[in-house]
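Here is a short report on one protein model. Look over the sequence and the fold before reading on.

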Amino acid sequence: MPAWPVNDQQAALEILSARSSYARMLLDAIEGGQWQSDQVNAHILRRLQALNEISLQPQLERIWGTGSSMAPEKLEVIGSLEKRFAQAPLWAYDLEEGRKHFQLLCQSCHGLEDDNLALGPRLSGSGSLGVGYFLEAIMDPNAVVGRQYQMTQLVTQDGKHLTGLLKEKGETAWVLQTIEGMVKVPLDQILSQETSSQSLMPVGLLDGLDDREKIELLKFLVSL
Ligand code: HEC
């Protein structure tokens, strides 16, 4: 499965999350180790939850924890933005403006080029997943966080708090990728270490955009 192109994986997951009986196969496969839970993004998780199948709940919670369901008010915002986007005369919205919003809000973590240093997954090719996919990720970054994207917090002897992705656990030093860049911390400097299930992706990313700018950003995202 990991070798499939991202769009095929997504198509398979759409089908597997469409019915309780398929969903059970998917969850069994994840628990059996044939699938990685981090291939399931927030959109699919929302579909699994929307099946509203009580017998699936224990598995959903074992795999993603209890915090994985999306708050109703967030679902409402997503629904209304999806609707506004669907009704907007898109020709009247400037793609280049959308790109600028992306550069400002997203690009520091989501490079568009193949970039090992990117803090978040590459979004190129994700445009076809649709507005809903992006809105779910933006509105609720903590719904599903891939294991490789779980954030680590280090506190050093001299009281510094560092947050980022743990890239390397060497014998003498650890390397943490932070928003400012790679930081190498000698082991004897590390006072404590904690891995969080919170995403590095901030909440409230759309808050600074007005209605027009939100549509411009979404227009750019679905063009990726
Ligand atoms: C500070 C870093 C950061 C910023 C800024 C950021 N993201 Fe993210 N993003 C991440 C990380 C890390 C992940 C992977 C873990 C997760 O899903 O939370 C992620 C995940 C995602 C995903 C889900 C990818 C998947 O695996 O399905 C989407 C979509 C996304 N981001 C879109 C955006 C958009 C759009 C913006 C700007 C409006 C943005 N992000 C801003 C760090 C960031």
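The report covers the basis of the model, its fold and its iron site.

## Basis

This is a predicted model, in which local features need pLDDT of at least 70, side-chain atom pairs count only at pLDDT 80 or more, and totals for chains, interfaces and linings use all residues. Residues are numbered from 1 along each chain as its sequence is written, and side-chain values use heavy atoms, without hydrogens and water.

## Fold

The protein has eight helices and five strands. These are DSSP runs numbered from the N terminus: H or I of at least four residues for helices, E of at least two for strands. The order from the N terminus is α-α-α-α-α-α-α-β-β-β-β-β-α.

The C-alpha atoms fill a box of roughly 55 × 45 × 35 Å along the principal axes. Of the 224 residues, 41% are buried (under 20% relative accessible area; exposed is over 50%, partly exposed in between; 1.4 Å probe, protein chains only).

## Iron site

Which protein atoms are donors to the iron atom of the ligand? They are NE2 of His-110 and SD of Met-201, 2.0 to 2.1 Å from the iron. Donors are N, O and S atoms within 2.8 Å of the metal (3.2 Å for Na, K and Ca); water is not among the atoms, so sites may look incomplete.

The pair links distant parts of the chain, 91 residues apart. His-110 sits in the loop between α6 (95-105) and α7 (131-139), Met-201 in the loop between β5 (190-196) and α8 (211-222). His-110 is buried at 10% relative accessible area. Met-201 is partly exposed at 23%.
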